Amino acid sequence: MPWFGMDIGGTLAKLVYFEPEDLETRLTPDGGMTLRKIHHYLTTNAAYGETGHRDVNLQMNNVQMGGVHGSLHFIRFPTSEMPTFLALARMKGIATLSSTVCATGGGAYKFEQAFKEEVNLELHKFDELDSLIRGIDFTAVHHAPQHECYYWENPMGPNGGVKVPFNFSHPYPYLVVNMGSGVSILAVHSPTSYIRVTGSSLGGATFLGLCCLLTGCETFEEAIKLAEAGDSTRVDKSVSDIYGGDYSKFNLPGNIVACSFGKMASQDKRAQATREDLARATLVTITNNIGSIARMCATNQGIERVLFVGNFLRINPFSMKLLAFALDFWSQGSLKALFLEHEHSTTLQQRFPGAEVFYTINPKRKKT
């Protein structure tokens with residue numbers, strides 16, 4: 001039979017649906033009709049209502065689960081829409097197929113009673129960080145070690161950088177930076193041995209919340225679209241704004257951000273800043289903060305591979321490239337920023353004009 005699993009986060013709820021390749025032979029006469037309807041509904045639609053989406057580009061085929069070959073389908077919707085999801089699950093008869101659903105994330109606790117009352121389903125709860133590490137181990141280490149993981153080469157170059165495959169078959173130790181509503185950073189030494197080094201309350205939900213306040217946007221997609229068209233140099237104060245040029249004593253180029261939103265103390269500058277500029281500056285601020293914390297943690301832990309995951313990076317190639325360049329530049333080439341195909345969609349690799357203003361490659365720098 002197929003099965004479902006859920007990760008119910010603070011901002012997004014993610015559902016994974018496993019479809020056995022021999023599904024027809026597994027159907028029973030009494031349950032086959034309902035299952036066929038559910039299967040057809042889940043696998044032939046890319047959108048469910050106004051807020052549910054199936055990430056078709058992330059579908060994993062020829063996956064073996066419990067000795068059965070099949071495909072994994074990935075569906076997401078805002079956690080705030082959980083009542084709508086439960087109503088849909090009841091209407092489509094999903095609860096008749098199973099009495100238990102595996103779930104992780106804070107929402108597995110928050111909505112446990114609602115699942116019992118609304119659709120008569122028990123949630124078999126798993127720790128979210130355990131699930132994250134084991135998921136990385138399954139996907140990147142065992143399923144596709146030479147195709148799942150990658151890094152950005154020359155991410156701020158004129159062509160927008162090049163994705164380069166990275167063999168993740170022998171990854172340990174590595175640092176994983178989980179960028180969701182907030183941020184957790186883990187030092188991983190094996191699938192069962194890891195520690196939470198630190199975290200940050202400034203994450204993806206911070207970016208969206210600030211953008212909603214500053215620009216009036218409503219969704220993550222809208223916030224990212226605004227940021228694409230913005231110019232954060234109208235909002236942030238750079239090193240050259242303070243020194244009149246580079247701060248050569250500490251190898252700080254003039255166009256490095258010295259103070260996020262620093263120009264907004266001026267009434268004239270506030271009048272000149274657009275919604276797009278504010279969204280772009282917000283994105284740069286959050287990304288830079290996460291990258292800075294990640295670099296310090298990697299240095300303290302003596303780890304060279306840093307894996308960035310989480311839905312903050314979904315349809316957000318600019319942040320990936322900024323993280324990649326920042327870690328490489330500030331570590332003198334000793335740290336590698338890594339990413340996974342199935343942690344975030346990279347199909348929208350749109351170019352962010354002017355991205356090179358945030359970091360400038362120093363031609364005198366030598367990699368160690």
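In which helix is leucine 210 found? Select residues 204-215: this is helix H7, and leucine 210 is in it. The model on screen is a predicted one.

**Stop 1: a surface patch**

Together the three form a nonpolar patch on the surface, with about 290 Å² of accessible area. Leucine 210 itself counts as partly exposed, at 36% relative accessibility.

**Stop 2: the largest cavity**

Next, go inside. A search of the whole structure finds two cavities of 30 Å³ or more. The largest cavity has a volume of about 80 Å³. To display its lining, select Phe4, Met6, Leu15, Phe85, Ala89, Ile94, Val101, Phe115 and Leu121. Two elements give two or more residues each to this lining: strand E1, residues 3-8, and helix H3, residues 82-92. Colour the lining by class, and nine residues come up as nonpolar, with no polar and no charged residues.

**Stop 3: glutamate 221 and arginine 314**

Now turn to the charged pairs. The count of salt bridges comes to 11. Begin with glutamate 221 and arginine 314, where the closest N and O atoms are 3.0 Å apart.

Are the two partners buried or exposed? Glutamate 221 is partly exposed, at 34% relative accessibility. Arginine 314 is buried, with a relative accessible area of 6%; the cut-off for buried is under 20%.

**Stop 4: arginine 275 and glutamate 222**

Arginine 275 is partly exposed, with a relative accessible area of 35%, and glutamate 222 is partly exposed at 31%.

**Stop 5: arginine 234 and aspartate 277**

Stay with helix H11 and select aspartate 277, then arginine 234. The side chains of these two meet in a salt bridge, 3.1 Å from N to O. Arginine 234 lies in the loop between H8 and strand E14 (237-238) and aspartate 277 in helix H11, so the pair ties together parts that are 43 residues apart in sequence. Arginine 234 is partly exposed, with a relative accessible area of 40%. Aspartate 277 is buried, its relative accessible area being 1%.

**Stop 6: alanine 46 and valine 56**

For the last stop, select alanine 46. Its place is in the loop between helix H2 (32-44) and strand E3 (47-48). Alanine 46 counts as partly exposed, at 41% relative accessibility. How many residues apart in sequence are alanine 46 and valine 56, and what is the C-alpha to C-alpha separation in space? Select both C-alpha atoms and check: they are 10 residues apart in sequence and 6.9 Å apart in space.

Notes. Residues numbered from 1 in each chain as written. Predicted model: local features only at pLDDT ≥ 70, side-chain atom pairs only at ≥ 80, totals over all residues. Heavy atoms only, no water. 1 Å grid on protein atoms, 1.4 Å probe; cavity = no way out; pocket = protein on both sides within 12 Å on 5 of 7 lines; lining within 4 Å. Points joined across faces, edges and corners; volume = space filled by probe spheres on them. Helix = DSSP H or I, 4+ residues; strand = E, 2+ residues; numbered from the N terminus. Nonpolar A, V, L, I, M, F, W, Y, C, P; charged D, E, K, R; others polar. Salt bridge = Lys/Arg side-chain N within 4 Å of Asp/Glu carboxyl O. Buried < 20%, exposed > 50% of the residue type's maximum accessible area, 1.4 Å probe, protein only. Patch = residues over 30% accessible without salt bridge, like charges linked within 9 Å, V, L, I, M, F, W, Y side chains within 5 Å. Areas by Shrake-Rupley, 256 points an atom, 1.4 Å probe, with all protein chains shown as cover.
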